[in-house]
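Take a look at the fold below before reading on.

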Amino acid sequence: MKIHPMWEAYPELQSELIQTIELIDSKIHLRNKPIEHALIDMMHTGGKLVRPAYTLLFSTFGEDHDPSRARALAAAIEVLHMATLIHDDVIDDSPKRRGKKTIQSKYGKDVAVYAGDYLFTVSFKLLTDYSNSVKQTQINTNGMERILMGEIDQMNLRYHQKITVRNYLTQISGKTAQLFALSCYSGALEGGQNERFARNCYYIGSHIGMAFQIMDDILDYSQTTESFGKPVLEDVRQGIYSAPLIYAMRENYTVFKELLGKKEQMTNEDTAKVQQLVIDLGGLDEAQRLAGKYTDKALRRINQLPASSEKEIIRKVTVSLLQRTI
């Protein structure tokens with residue numbers, strides 16, 4: 001089994017991640033074998049697995065660390081992430097993810113919605129089968145609620161040209177950052193750490209998630225579809241306005257008004273104009289500074305963790321993740 005090459009530098013963690021994926025594979029059972037195979041294939045198509053990696057790493061800080069239990073929690077987190085991706089692809093009508101056809105484009109939206117719903121049940125089954133407390137299930141339920149609220153916030157703000165940076169940050173704090181926060185927080189608790197320690201881990205994950213999403217949105221304006229692994233600038237057509245565009249619109253709203261007013265009817269030429277305007281008006285630079293602030297916040301809190309080899313891995317992975325160009 002192959003996973004993302006970024007983990008080759010950390011062989012022990014790489015092995016744990018492979019076992020985590022194998023556990024997920026063993027829990028996916030459907031009578032519809034093409035859909036079952038599509039879900040398993042999605043799990044093996046080059047995702048970075050950063051969320052389960054953080055869960056595994058943070059679980060090692062407690063005296064009650066249990067590798068098999070930590071892997072189950074990491075698996076539940078990743079399955080939850082997969083479910084949200086499938087539903088995102090339905091909402092966005094995305095034809096590809098990580099260079100392959102999405103489930104919704106291959107089998108239709110109805111099948112994709114049910115496949116995503118099925119993964120939610122797999123996530124909870126992993127939690128109930130392996131968790132050592134009801135609290136973990138409660139934590140993950142609350143986390144899922146915040147993730148879905150972030151998605152609803154995004155939906156409510158579609159095509160809203162007066163969106164503010166604060167609106168955007170509130171949206172991504174649920175949509176993306178919450179799952180990173182949940183990964184770190186629940187990992188720390190599973191290892192037996194106290195609430196105060198786990199809360200610091202929660203904020204580490206939240207800051208990482210905020211920076212990660214901002215970086216993703218920067219790449220949407222600076223990369224090609226081929227290099228990024230999914231369609232770029234589709235968010236603009238879908239009415240999802242992210243940090244680079246919001247900052248650029250603050251500089252000169254008028255030049256965007258007519259282009260964005262076309263909504264889903266925007267042509268490739270229109271989106272290319274928006275992209276160039278964002279660059280010319282400094283939107284990417286401002287968004288980069290914003291991502292840097294959250295990165296610095298995360299690293300300051302990571303420095304407060306007890307000295308260990310896992311702490312150094314967390315620091316190195318975070319730096320590489322938040323300075324990526326693809």
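## Helices α2 and α4

This is a predicted model. Helix α2 (residues 33-43) and helix α4 (residues 67-92) have axes that come within 11 Å and cross at roughly 110°. Angles of 65 to 115 degrees count as roughly perpendicular, so α2 and α4 are roughly perpendicular to each other. Their crossing is right-handed.

Which residues of α2 and α4 meet? From α2 come Leu 39, Met 42 and Met 43. From α4 come Glu 78, Met 82, Leu 85 and Ile 86. Sorted by type, the residues of this contact are 6 nonpolar, no polar and 1 charged.

## Helices α12 and α15

Two packed helices are described by the angle between their axes and the distance between the axes. Take helix α12 (residues 243-251) and helix α15 (residues 283-302). Their axes come within 7 Å and cross at roughly 120°. That angle makes α12 oblique to α15. The crossing of α12 and α15 is right-handed.

On the α12 side, the contact is made by Ala 243, Pro 244, Tyr 247 and Ala 248. On the α15 side, Gly 283, Leu 284, Glu 286, Ala 287 and Leu 290 take part. The residues of this contact divide into 7 nonpolar, 1 polar and 1 charged.

## How α12 is covered

Is α12 mostly covered or mostly uncovered? Helix α12 is mostly covered, with 7 of its 9 residues buried. The buried residues are Ala 243, Pro 244, Leu 245, Ile 246, Tyr 247, Ala 248 and Met 249.

What do these buried residues pack against? Their partners are α8 (165-190), α9 (195-222), α13 (254-261), α14 (268-280) and α15.

A disulfide is a covalent bond between the sulfur atoms of two cysteines. How many disulfides does the structure hold? The number is 0. Cys 184 is in no disulfide, and the nearest cysteine sulfur, that of Cys 201, is 6.8 Å away.

Cys 184 is buried, with a relative accessible area of 0%. Cys 201 is buried too, at 0% relative accessibility.

## Loop residues

Most residues other than glycine have a negative phi. Now look at Tyr 159, in the loop between α7 (134-156) and α8. Its phi is near 60°, a positive value in a residue other than glycine.

Lys 263 sits in the loop between α13 and α14. Phi of Lys 263 is near 55°, again a positive value in a residue other than glycine. Is Lys 263 buried or partly exposed? With a relative accessible area of 39%, Lys 263 is partly exposed.

Ser 94 lies in the loop between α4 and β1 (96-97). Its relative accessibility is 13%, so Ser 94 counts as buried. Leaving out residues up to four places away in sequence, Ser 94 touches Asp 89, Thr 102, Gln 104 and Ser 105.

Key. Residues numbered from 1 in each chain as written. Predicted model: local features only at pLDDT ≥ 70, side-chain atom pairs only at ≥ 80, totals over all residues. Heavy atoms only, no water. Axes fitted to C-alpha atoms, helices over the stretch in contact; angles between N-to-C directions. Helix = DSSP H or I, 4+ residues; strand = E, 2+ residues; numbered from the N terminus. Parallel < 35°, antiparallel > 145°, perpendicular 65-115°, else oblique. Left-handed = near helix turned anticlockwise from the far one by under 90°. Contact = heavy atoms within 4.5 Å. Nonpolar A, V, L, I, M, F, W, Y, C, P; charged D, E, K, R; others polar. Disulfide = S-S within 2.5 Å. Buried < 20%, exposed > 50% of the residue type's maximum accessible area, 1.4 Å probe, protein only.
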